[in-house]
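Welcome! Please take a moment to look over the sequence and the 3D view before reading on.

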Amino acid sequence: MSQFIFNNPTRVLFGSGQLGNLHKEQLPGKKALIATTNGTSVKKYGYLERLQKELDLAGVTYTLFDEVRPNPTRQNVMDGAAKAKENGCDFVIALGGGSVMDCAKCIALMMTNPGDIWDYSLSAAGGKKAAEVDAAPIVCITTSAGTGSEVDTASVISDDEAKEKTGIFFQSMFPTLSVVDADLMMSVPPAFTAYQGMDAFFHASESVINKNKHPMGEMFALKSIELIAKYLPIAYKDGSNREAREMMALANTFAGYYMLCTSAHTMEHVMGSYHSDLVHGAGLIMIAHAYYDFFAEKKAAEESMIKMAKAMDVKNPTSGKDFIKALDDLIAAIDCADLKMSDAGITEDELTLYPKRIHEVLGGDITADPLPLSDEDYLEIYRRAYR
């Protein structure tokens, strides 16, 4: 059996209504920076007010930073860290989806470390520095089922000037405490339910085809795939279905526990580097068929794909192509079969710029694919996916 390390120090409060128990927890500080979106949903649906009530009950004061954009930026991070330091905050609470949680983790890092967040990025334009000091404590309250950010160290941040969208992660960026409460996910619109759910699906499917897979990662990933295949179409069609929302929340957290992403995530991050409005999950869906079919045609991940097909309730699968059909059917069931790269502003000529950037922008482990991919292979996949 291959060696692996499993260490997840995040305490998770899982289940509908768990936000109401936050005040009973030992929170990791006395004054919080509440990081949230620059949109209106957390205020409109009362999530922010509910959090503030919990903090009041816990005797914790807070300052609000509501400037995080859907693809959080280097500037978002530095503005948030500056506000936290100016107001004497000693920990961060993320209230929102993956973008907010990612940004909050980096804000926590920059509350305690000198310089700029890009000093700590491993991307081509990044400073590649190690963090001198642990990040400030982080509490995550997720309002979406997609990224698994509530139980991992990773964050994805964009630098629009450098056209980089890249991962930043240190061990101290594990959340201390996370709340996964499906009551906060009931208001997610259908399209974003689909995009977020498929992001979680691809975290799991990439973990299964990953050549470095192991029993712990595969266990979480296959269960996540099973739940998403069954419950995502239900949650998409009826967002008020509590069971479907809860099962999607569970699948998302399971996928986040041991995420072993391959080059598919890196390929999408390159797309997002050039098109900041591209929703991450939508970008992954756009390239999914071409990406997985590339390996299926070469029979490079047959055993892994058969396992995933079985998890998706395919009867007696015999090849990777059975998984490809199940994947296509799932994407069609959530009305995403017609997503086009061209609709996101991506041009066919632009695709030739992408393969080089795969080596410069982080997302997944490009050395962990079932077969090593050349720049010509990456370009072929992009072109097959292009519509």
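## How to read the model

This is a predicted model, in which local features need pLDDT of at least 70 and side-chain atom pairs count only at pLDDT 80 or more, while totals for chains, interfaces and linings use all residues. Residues are numbered from 1 along each chain as its sequence is written, and side-chain values use heavy atoms, with hydrogens and water left out.

Helices (H or I, at least four residues) and strands (E, at least two) are DSSP runs, numbered from the N terminus. Buried means under 20% relative accessible area, exposed means over 50%, and partly exposed lies in between (1.4 Å probe, protein chains only).

## Strands side by side

Now see how the strands pair, which takes at least two DSSP bridges between them. Strand S4 (residues 91-96) pairs with S5 in the parallel sense over five bridges, and here glycine 96 stands opposite threonine 142.

## Two nonpolar cores

A nonpolar core is a set of buried Ala, Val, Leu, Ile, Met, Phe, Trp, Tyr and Cys residues joined through side-chain atoms within 4.5 Å. The largest one has 71 residues, and those with the most contacts inside it are Met198, Phe201, Tyr292, Phe323, Met341 and Tyr382. Helix H9 (280-297) gives the most to this core, with 12 residues. A second, separate core of 31 residues includes Val68, Ala104, Ile157 and Phe170.

Tyr382 is one of the buried residues of H13, along with Asp377, Tyr378, Leu379, Ile381 and Ala385. These buried residues pack against helix H8 (263-274), H9 and helix H12 (354-358). Contact means heavy atoms within 4.5 Å. Leaving aside neighbours within four places in sequence, tyrosine 382 is in contact with Met267, Val270, Met271, Ile287, Met341, Leu351, Tyr354 and Ile358.

## A pocket and a cavity

On a 1 Å grid over the protein atoms alone, a cavity is a set of points where a 1.4 Å probe fits but cannot get out; a pocket is an open set with protein on both sides within 12 Å along at least five of seven lines, and lining residues have an atom within 4 Å of a point. Grid points are joined across faces, edges and corners, and a volume is the space filled by probe spheres set on the points. For residue classes, Ala, Val, Leu, Ile, Met, Phe, Trp, Tyr, Cys and Pro count as nonpolar, Asp, Glu, Lys and Arg as charged, and the others, Gly among them, as polar.

The second largest pocket holds about 230 Å³ of space. Of its 13 lining residues, Ile285, His289, Asp328, Ala337 and Arg387 lie nearest its centre. H9, helix H11 (320-333) and helix H13 (375-385) each supply at least two residues of the lining, and the largest share, four residues, comes from H9. The lining divides into nine nonpolar, one polar and three charged residues.

The count of cavities of 30 Å³ or more comes to one. The largest cavity has a volume of about 70 Å³, and among its lining residues are Ser144, Met185, Gln196 and Arg245. Helix H5 (190-209) and helix H7 (242-257) each supply at least two residues of this lining, and H5 gives the most, with three. By class, the cavity lining has four nonpolar, four polar and one charged residues.

## Residues in the loops

Where is proline 372 found? Its place is the loop between H12 and H13, where proline 372 is exposed, with a relative accessible area of 72%. Proline 372 and serine 263 are 109 residues apart in sequence and 9.8 Å apart in space, C-alpha to C-alpha.

Lysine 128, in the loop between helix H4 (98-112) and S5, has a phi near 60°, a positive value in a residue other than glycine. Aspartate 313 has a positive phi of about 70° although it is not a glycine, and sits in the loop between helix H10 (302-311) and H11. Lysine 128 is partly exposed, with a relative accessible area of 46%, whereas aspartate 313 is exposed, at 53%.
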